[in-house]
Amino acid sequence: MAGNTYDKAVKVLSSFRAAFGKTDANDILIVRAPGRVNLIGDHTDYHEGFVLPMTIDRCAYAALRARNDDTVNLYAAQFDEWITYPLSERPETEPGAWAAYVTGVVSELRDRLPGGFEMLVESDVPIGAGLSSSAALSTAVIYGLDQLFGLGIDPIDAVHLSQQVEHRYAGVSCGIMDPFVSRLGRRRHALLLDCRSLACEHVPLTNTERDRNDAFEIVIVDSGVRRELASSSYNTRRSECEQALETIREARPDIRSLRDAKPEDLWLLPSLQHRRVRHVLEENDRVLQARDALRNGDFEAFGILMNQSHDSLRDLYEVSCEELDTLVAAARNVDGVAGARMTGGGFGGCTVNLVRQTAVPALREALCETYAKTYRRTPVIYVVRENHRTERM
Ligand code: GLA
């Protein structure tokens, strides 16, 4: 176990013991599942398109111990909140709260669980920042229960389960990208996912190796703007696109999703739907070009595609916001920044920047200065040091 990982495991173990009492470390299982940042391909997953996310070094953790009865005893260390209930029931929870995800997973798996358990959950993925804190949490809980009870859950089934929990218990009609990359992402790789076939390709992140003098860093910048996906226009965008799909289908009944739309179909649509669908078509092309650029180690080309992606999310899909646009514009003015864009669902959250390692200090300075001047706030800046995967610790 690498140093940080070991320290984290010791910390989670001691929080578990503080919450549930002293016990043999061998009886406790600890797992983690990472958050993600999407490098390119936003608002394409639920149109069966392409995405290119990677996992980050922020994770959700679950520590578990089996019980001899049917009691489920849950503790969220971050919030200092407890929930205790019999396995046969599901307590009322607030949609989108940690308890909704955890009890949602438990109730979906109930028929396969041999008995009750104790579980501590904890996370260092910032909540509501567009870095998939909820997918990381449900992925960690599913993987933890799978490992504790030897359920043999297929990883793709785990991904679907996590997505279903988000739909049912959090009220967001999200796509498959977040749980997929959290469960199946690999270290030092981005993941190209075909959201129709679920075929994926792990694309090595070569130039991000730190010993090279031409190294690039992935830098995430949190705008601090929080818009809950459920109450935001995420679901509205989905329904606008469903209407567009219906219209295109009148002319071409064979098309299954917007992934199959062609540029000539755009002319069938009123202007708002035209813009939405144009984003989807062009973004899908960009993801495939970005995968090729990454394979060739061509980070300049990758950055140009990131910039185009942001402009399209801002102007055509209209899911950016003023703060994200300000951060992106300021980043692009810094020498050594190859590309900057919003990432994830939008309406707030984070930007992702592809930056020459030598330019990171200048980027920090420029962003802090601009943000302070415009909004009297400091953005939180994370350089992605490592990218983790779902695993036992
Ligand atoms: C959120 C959803 C994902 C995806 C992105 C936008 O993160 O959970 O499924 O749709 O927004 O790309």
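Predicted model: local features only at pLDDT ≥ 70, side-chain atom pairs only at ≥ 80, totals over all residues.

Modeller: Numbering starts from 1 along each chain as its sequence is written, and side-chain values use heavy atoms, with hydrogens and water left out.

The strand is β2, residues 50-66. Strands here are DSSP runs (E, at least two residues), numbered from the N terminus. Start with burial. Of the 17 residues in β2, 14 are buried, so the strand is largely enclosed by the rest of the structure. Buried means under 20% relative accessible area (1.4 Å probe, protein chains only).

Now the pairing. Two strands pair if DSSP finds at least two bridges between them. Strand β1, residues 29-40, is one partner of β2. Their pairing is antiparallel and runs over 10 bridges. For a landmark, look at cysteine 59 in β2: proline 34 stands opposite.

Strand β5, residues 117-123, also pairs with β2. The sense is again antiparallel, with seven bridges. Here, alanine 66 has phenylalanine 117 of β5 as its bridge partner.

Then there is strand β6, residues 189-194. It joins β2 through two bridges, in the antiparallel sense. Valine 51 is bridged to leucine 193 in β6.

To recap: β2 is largely enclosed, and it pairs with β1, β5 and β6.

Technical notes:
Buried < 20%, exposed > 50% of the residue type's maximum accessible area, 1.4 Å probe, protein only. Helix = DSSP H or I, 4+ residues; strand = E, 2+ residues; numbered from the N terminus.
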